[in-house]
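Take a walk through the model shown here.

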Amino acid sequence: MSKRKILISLATTFLLSTAAVAEGPKAGGVVNAVIQPEPPSLMMGLVQNGPTQMVAGNIYEGLLRYSPKLDPLPGLAESWSVSEDGKVYTFKLVKGVTWHDGKPFTSADVLFSIEFLKQTHARARGNLAQLDKVEAPDESTVVFTLKQPFGPFIGIFEVGSLPMIPKHIYEGTDFKTNPANNTPIGTGPFMFREWQKGSFIRLVKNPSYHVKGKPNIDDIYWHVIPDAAARSVAYETGKVDVLPGGSVENFDVPRLSKLKNTCVTGAGWEFFSPHSWLWLNNRSGPTANKKFRQALMFAIDRNMAKDVVWNGLGKVATGPSGSAIKYYTSAVPKYDYDPAKAKALLKEAGYAGEKVRMLPLPYGETWQRWAEMVRQNLQDVGINVEMIATDVPGWNQKVSEWDYDIAFTYLYQYGDPALGVGRNYVSTQIAKGSPFNNVEGYSNPEIDKLFADGAVAFPDSAREEIYAKAQKILVEDVPVAWMLELQFPTITRCSVKNLITTGIGVNDGFRDAWIEK
Amino acid sequence: MKQASRVLLRNPGGLIGVTILIIAVAVALFGPLLFPASPWRMVQRPFLPPFTLAGFPLGTDALGRDVMAGIIYGARISLLVGLISTLASLAVGIPLGAIAGYFGGKIDDALMRFTEFFQTVPSFALAIVLVAIMQPSIVSIVAAIAIVSWPPVARLVRGEVLSLRTREYVQAAVVTGQTNWWIIWREILPNALSPVIVLASLMVATAILLESSLSFLGLGDPNLMSWGYMVGAGRTVIRQAWWITVFPGIAILVSVLALNLIGEGLNDALNPRLAKGGR
């Protein structure tokens with residue numbers, strides 16, 4: 001206890017001293033941000049696509065938040081503990097929290113949210129698969145008991161993964177048709193006020209937010225601007241102050257970042273860690289040959305793609321895990337750009353100019369240019385590439401039906417290899433119909449076992465060892481060709497301070513943000 | 001015909017058109033000899049402005065690809081698509097129009113309603129749909145352009161045939177017992193051809209524009225460099241690098257203009273009433 005006291009007093013002195021030196025957060029002000037595309041709904045328990053999370057992350061809250069290093073931070077839970085055997089997680093909730101309609105938030109809401117999300121949230125359902133039971137001994141305590149230790153469990157409480165849903169509004173109703181879905185009610189720092197479809201969404205400050213003195217900002221307007229060029233112009237003309245990652249095309253980033261009073265950051269994506277790679281069809285054609293796949297890795301100039309296509313943003317991926325993901329290791333075989341080596345490997349693989357079909361990701365110009373660059377890289381070492389043009393549904397269908405040789409993609413990784421990495425490599429995830437599972441058809445009993453063990457190993461050091469081994473094997477086998485750890489830069493006026501403080505970035509960012517005047 | 005070409009070349013517009021077209025064809029045929037590397041190859045730093053390096057007179061695009069090489073290879077695609085799709089739509093439109101005009105009656109009605117069916121759909125929208133359904137490739141693009149551009153040919157030929165089939169020399173041929181097909185082929189079509197030739201030269205221009213528009217929208221053959229693709233890809237960076245869009249745009253403009261001038265010139269040359277003064 002005394003230790004804690006010291007920490008608190010240290011923290012207060014620190015805060016006080018910084019407040020004395022620099023300017024502290026100022027209350028008030030309006031922020032105009034872009035939301036792209038317009039979310040289908042703001043009810044985060046039912047809809048979890050990107051734009052929904054970005055707006056509704058300010059309305060709803062999870063039990064925990066995560067630092068850029070993905071360590072848990074207090075959210076609706078002020079403290080938590082894990083039992084010795086790694087099976088029992090006890091959360092103490094913050095006291096005195098109320099929903100936006102004034103009703104108190106209690107442990108009963110947590111239990112209800114778990115049941116709610118099991119029905120509506122596919123990823124939450126997967127995350128909760130190891131959950132044996134969840135109990136609420138009193139109003140502000142929740143105890144999760146697992147069937148077996150599940151290391152990633154502490155990482156599933158982020159607002160988009162496990163948002164808290166008000167029991168008093170949804171209990172006993174049909175969740176999907178509840179009229180309250182149009183006026184979402186959470187515990188978050190901002191309350192839903194108005195949504196003019198096709199134009200803007202307005203959130204206002206929650207005056208009784210449970211963190212004293214927050215939020216600082218009065219209103220947030222999320223503007224819906226469908227055209228990418230118009231979004232850049234809206235920033236340039238001063239209509240909006242915040243362009244969240246991915247809302248303008250990459251080639252506009254350098255121009256916008258040179259504007260006055262403009263700050264650009266790639267931070268705030270650590271939890272999602274968008275990781276891009278080429279699906280390589282492991283079942284048939286030249287890509288079924290491991291030597292051929294390795295040759296691809298040597299043939300593609302990923303540094304150049306980063307510098308030219310992505311304007312220097314991001315990082316060259318070294319393997320299946322992004323470097324922000326837990327248990328990432330760089331101690332794996334290296335594939336630097338080396339066309340001569342690629343040619344030699346192609347020769348060894350016995351490649352004789354068979355046609356290889358490549359599907360670019362139909363997400364706009366950046367991806368198209370990237371595909372053209374990779375095609376040129378591959379043609380330079382003598383691979384006969386034919387690019388197939390598709391639209392989004394066509395891409396989805398071709399990839400989920402395994403009708404491709406090489407296909408671009410990128411996926412989120414959710415902080416832990418058991419949550420967002422294993423799904424693309426274990427053989428139990430080989431199933432037609434989804435573009436997000438083990439689409440390449442890689443099957444290796446050793447890898448299956450490592451990922452199965454890794455998810456439930458305890459303590460963390462045991463997991464670390466297992467995942468290091470898995471990464472090494474995968475990188476040697478090249479089931480897919482890893483390209484870049486993507487970075488979606490967030491562009492803001494520099495006067496918007498403290499926007500990105502967690503690994504989830506803008507999605508739960510406005511709680512701490514303030515505007516310098 | 002010889003006389004017609006002489007008239008065409010005496011027409012200043014026609015002369016300019018023919019000259020430009022000859023240059024374009026020469027570029028398409030021999031240009032790749034000067035630029036043997038693939039136009040997709042990344043050869044210099046990206047966004048190299050034009051007229052800065054001798055080897056890259058028109059600069060480079062967003063990936064460092066030579067704009068000059070792109071224009072030269074694009075000339076091949078544009079001219080090829082223009083020519084082949086025009087030939088294909090002539091191959092459909094002329095026989096349909098001739099049959100409708102010659103036989104008249106119910107056959108005419110049926111064929112013309114069928115033609116109108118295609119004419120009522122906006123041609124560019126139809127082309128987009130067709131290419132999207134068939135997957136963008138050079139074959140589907142040529143097919144789509146041909147499908148949307150044959151109806152005017154059929155209408156034009158029908159009109160000509162309608163007027164020609166009442167002429168005395170046609171009736172004479174009927175009286176001497178020649179078969180219908182022989183009459184159409186030998187007596188009517190050769191005399192109906194001059195407006196079709198004028199139309200065809202304009203159709204080549206339209207086809208080039210259509211192909212460029214499709215590529216601009218990302219519906220081009222992703223494996224072939226074309227002018228429309230270059231404009232479309234450069235459009236997004238036009239504020240940083242105008243030259244990526246402007247030079248292929250000029251190429252499209254100039255070649256379409258040339259074909260229009262030729263069409264105009266041909267019209268003057270082949271139209272007996274207008275040509276008389278020149279003779």
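**A helix, a sheet and an interface**

In this predicted model, helix α3 of chain A, residues 107–120, lies across β5, β6 and β7 of chain A. Against β6(A), helix α3 of chain A runs at about 160 degrees.

Now the sheet itself. Four strands of chain A make an open sheet, ordered β4-β5-β7-β6. The pairing is antiparallel. Its edges are β4 (77–82) and β6 (131–138) of chain A, each of which pairs on one side only. On average, neighbouring strands of this sheet are turned by 20 degrees against each other, direction ignored.

Look at one pair in detail. Strand β5 of chain A (residues 88–93) and strand β7 of chain A (residues 141–146) pair in the antiparallel sense over five bridges. A:K92 has A:T141 in β7(A) as its bridge partner. In general, strands of a sheet pair through backbone hydrogen bonds.

Next comes the interface. Here 20 residues of chain B are in contact with 22 residues of chain A. The two chains, B and A, bury about 1,800 Å² between them. Carbon and sulfur atoms carry 52% of that area. Which three residues supply more than any other three of the area that chain B buries against chain A? They are B:M42, B:L63 and B:R239, with 29%.

Polar links also cross between chain B and chain A. The rule finds three salt bridges across this interface. A:D380 forms a salt bridge with B:R41, with the closest N and O atoms 3.3 Å apart. On the side of chain B that touches chain A, the residues divide into 10 nonpolar, six polar and four charged.

Definitions and conventions: Residues are numbered from 1 along each chain as its sequence is written. Chains are lettered from A and ligands numbered from 1 in the order in which they are written. This is a predicted model: local features need pLDDT of at least 70, side-chain atom pairs count only at pLDDT 80 or more; totals for chains, interfaces and linings use all residues. Side-chain values use heavy atoms; hydrogens and water are left out. Contact means heavy atoms within 4.5 Å. Buried area is the accessible area (1.4 Å probe) that two parts lose on being put together, summed over both. A salt bridge is a side-chain nitrogen of Lys or Arg within 4 Å of a carboxyl oxygen of Asp or Glu. Ala, Val, Leu, Ile, Met, Phe, Trp, Tyr, Cys and Pro count as nonpolar, Asp, Glu, Lys and Arg as charged, and the others, Gly among them, as polar. Two strands pair if DSSP finds at least two bridges between them. Helices (H or I, at least four residues) and strands (E, at least two) are DSSP runs, numbered from the N terminus. Axes are lines fitted to C-alpha atoms, for helices over the stretch in contact, and angles run from 0 to 180 degrees between N-to-C directions.
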